[in-house]
Amino acid sequence: IFPAGAKMLLVGEAPGDEEVFHGRPFVGPSGKLLDSLLRVTGIDRGSVGVTNVFDVQLSPGGLAAWCGQAPERAGWTEYHIPPVDRALNLKPEHGKHLDRLAQEIMALRPNVIVALGGTAMWALTGALSSEITKRRGAVTTCSLLGCAGVKVLPTFHPEFVLQSYKAFPIVAADLIKAKGEAEFPEVRTTPRTLWVEPTLADLGTFKAKYLDPAAL
């Protein structure tokens, strides 16, 4: 059960041993690290939704063990399924987890979803899970699960931070950005003007419009 009116949803990959024991997401070592991240970024964990892509523990082989080499077109019951990574496609019997995640998102209707790690990013946007490093920190939109248009901000999974603590400030910065994005549902972009080979007249216009009014 998510907090009423939660505007942010945090989505991880799957429960670990302690999560299975307690029946709640992010209560083990990764959860404690997540709590630290939320604390330093001023986000109250009690005010956000927290879930996983898969609600049962992965096999010892990880997500790859749940995938086949050939496309499994019967994967999700309602949605097109992209490959998790190159040559890795989710097997049909695991599509029910994505259906459950879709129902949770539609019930909560958050303004922004923080995809914690490559698996969550893949499930929400269809991007290859291995692309998390180059896609983290950039706001995109959910294109799968019947939740098109909901904002998604990918970042590293807390488990990754446990292994590489230098990523802590990176994830913290992403969460601060997500905190701001949670205030409104739409994607807002900063208008930009590109001046290509400006003339002297263009430079004069630039000076009058931007430099002269600027405070010294």
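What does the protein average in pLDDT, and what share of the residues score at least 70? This is a predicted model. The protein averages a pLDDT of 91, and 94% of the residues score at least 70. Over residues 74-78, however, the pLDDT is below 50. Beyond near neighbours in sequence, that stretch has 15 contacts in the model. Where pLDDT is low, the predicted coordinates should not be read in detail.

**View 1. An open sheet of five strands.** The strands run in the order S2-S1-S5-S7-S6, with mixed pairing. Strand S2 (49-52) and strand S6 (140-141) stand at the edges. Each has a single partner strand, so one side of each is left without a neighbour in the sheet. Strand S1 (residues 8-12) pairs with S2 in the parallel sense, over four bridges. Look for Gly-12: it stands opposite Asn-52 in S2.

View 2. His-97 is buried, with a relative accessible area of 4%. Leaving aside neighbours within four places in sequence, His-97 is in contact with Val-53, Phe-54, Asp-55, Val-56 and Trp-66.

**View 3. A salt bridge joins Asp-55 and Arg-100.** Their closest N and O atoms are 3.6 Å apart. Asp-55 lies in the loop between S2 and strand S3 (67-68), while Arg-100 lies in helix H3. The pair therefore ties together parts that are 45 residues apart in sequence. Asp-55 is partly exposed, at 43% relative accessible area. Arg-100 counts as buried, at 15%.

**View 4. Glu-131 forms salt bridges with Lys-134 and Arg-135.** For Lys-134, the closest N and O atoms are 3.9 Å apart. For Arg-135, the N to O distance is 2.6 Å. Glu-131 is buried, with a relative accessible area of 14%. Lys-134 counts as exposed at 65%, and Arg-135 as partly exposed at 37%. A search of the whole structure finds nine salt bridges.

**View 5. Cysteines without a disulfide.** The count comes to zero disulfides. The sulfur of Cys-147 is 5.0 Å from the closest cysteine sulfur, in Cys-142. Cys-147 is buried at 5% relative accessible area, and Cys-67 counts as buried at 8%.

How values were computed
Residues numbered from 1 in each chain as written. Predicted model: local features only at pLDDT ≥ 70, side-chain atom pairs only at ≥ 80, totals over all residues. Heavy atoms only, no water. Pairing = 2+ DSSP bridges. Helix = DSSP H or I, 4+ residues; strand = E, 2+ residues; numbered from the N terminus. pLDDT = per-residue confidence, 0-100. Contact = heavy atoms within 4.5 Å. Disulfide = S-S within 2.5 Å. Buried < 20%, exposed > 50% of the residue type's maximum accessible area, 1.4 Å probe, protein only. Salt bridge = Lys/Arg side-chain N within 4 Å of Asp/Glu carboxyl O.
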